[in-house]
Amino acid sequence: MEKSTYKIIATEIMAKGWSQLVRLKVSATQRDQQEIILDREVADHGPGACILPIDPVCGMVLLVRQWRAGAAFTGHEGWLIEACAGLLDADDPMGCAEREALEELGVMVRNVQHVCDCFASPGAFSEKLSLFLGEYQQADRVGIGGGLADEQEDIEVLEMPLRKAYGMIATGDIIDAKTIILLQHAMLTITKI
């Protein structure tokens, strides 16, 4: 049996605001060679980067708590605990991660390491995230964080032991996919904490 082929043949912007909703028309030749046309919608607001700063001496991590419309829309508590993240804008992924750590957490990260790139929900969202771990110590805390007022960010900075944050996955207190990936990666790769 041959492989299916899919090709986007048309796009239409349905709505544009903080992100945009795009309708795709897709030509598909399925494995049985049947040709069909599919309509799909994709929410698009560009690629982003995310970083989990870790203090390797104290075993602490920096996270944020902020209100998320998608979670609230489903009826879940809108305030989520996450690793800090943002859109690339004009930065490369590592530059974005470092910028977001400074804006959201008030920390200058060091020894930044790329973990992976991922799509959190590729069935409906175009956002590709680059995930990073970085190091910090108390001396690297150069601001209060909290995000940028002109971006209407309302971010609480949280510092806690890595093991506690990791345990919050099992209790359901951390349910954000990018944060789960980074916490699990940290627990698997950082041996001295």
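**Note on the predicted model**

1. Glutamate 100 counts as buried because its relative accessibility is 4%. Buried means under 20% relative accessible area, exposed over 50%, and partly exposed in between, with a 1.4 Å probe and protein chains only. Glutamate 100 sits in helix H2, residues 93-105. Helices (H or I, at least four residues) and strands (E, at least two) are DSSP runs, numbered from the N terminus. Leaving out residues up to four places away in sequence, glutamate 100 touches Cys84, Ala85, Gly86 and Leu105. Contact here is heavy atoms within 4.5 Å.

2. On the basis of the values: this is a predicted model, where local features need pLDDT of at least 70, side-chain atom pairs count only at pLDDT 80 or more, and totals for chains, interfaces and linings use all residues. Residues are numbered from 1 along each chain as its sequence is written, and side-chain values use heavy atoms, with hydrogens and water left out.

3. Lysine 178 belongs to helix H4, residues 177-189. Lysine 178 counts as buried because its relative accessibility is 10%. Beyond its neighbours within four places in sequence, lysine 178 is in contact with Cys50, Glu82, Ala83, Ala85, Leu129 and Leu131. The C-alpha atoms of lysine 178 and alanine 49 are separated by 9.7 Å. Along the chain, these two residues are 129 residues apart.

4. A polar contact of 2.8 Å links it to the side chain of glutamate 82. Another, at 3.0 Å, links the side chains of lysine 178 and aspartate 176. A polar contact is a pair of N or O atoms within 3.5 Å; within protein, one must be able to donate a hydrogen and the other to accept it, and residues adjacent in sequence count only if both atoms are side-chain atoms.

5. The structure holds 0 disulfides. A disulfide is a pair of cysteine sulfur atoms within 2.5 Å. For cysteine 58, the nearest cysteine sulfur is that of cysteine 84, 19 Å away. For cysteine 118, the nearest is that of cysteine 116, 5.0 Å away. Cysteine 118 counts as buried because its relative accessibility is 15%.

6. Strands E2 (residues 20-29) and E3 (residues 35-44) run antiparallel and are joined by 10 bridges. Two strands pair if DSSP finds at least two bridges between them. Glutamine 20 has aspartate 44 in E3 as its bridge partner. The hairpin has 5 residues between the strands. There, glutamine 33 takes a positive phi near 75°.
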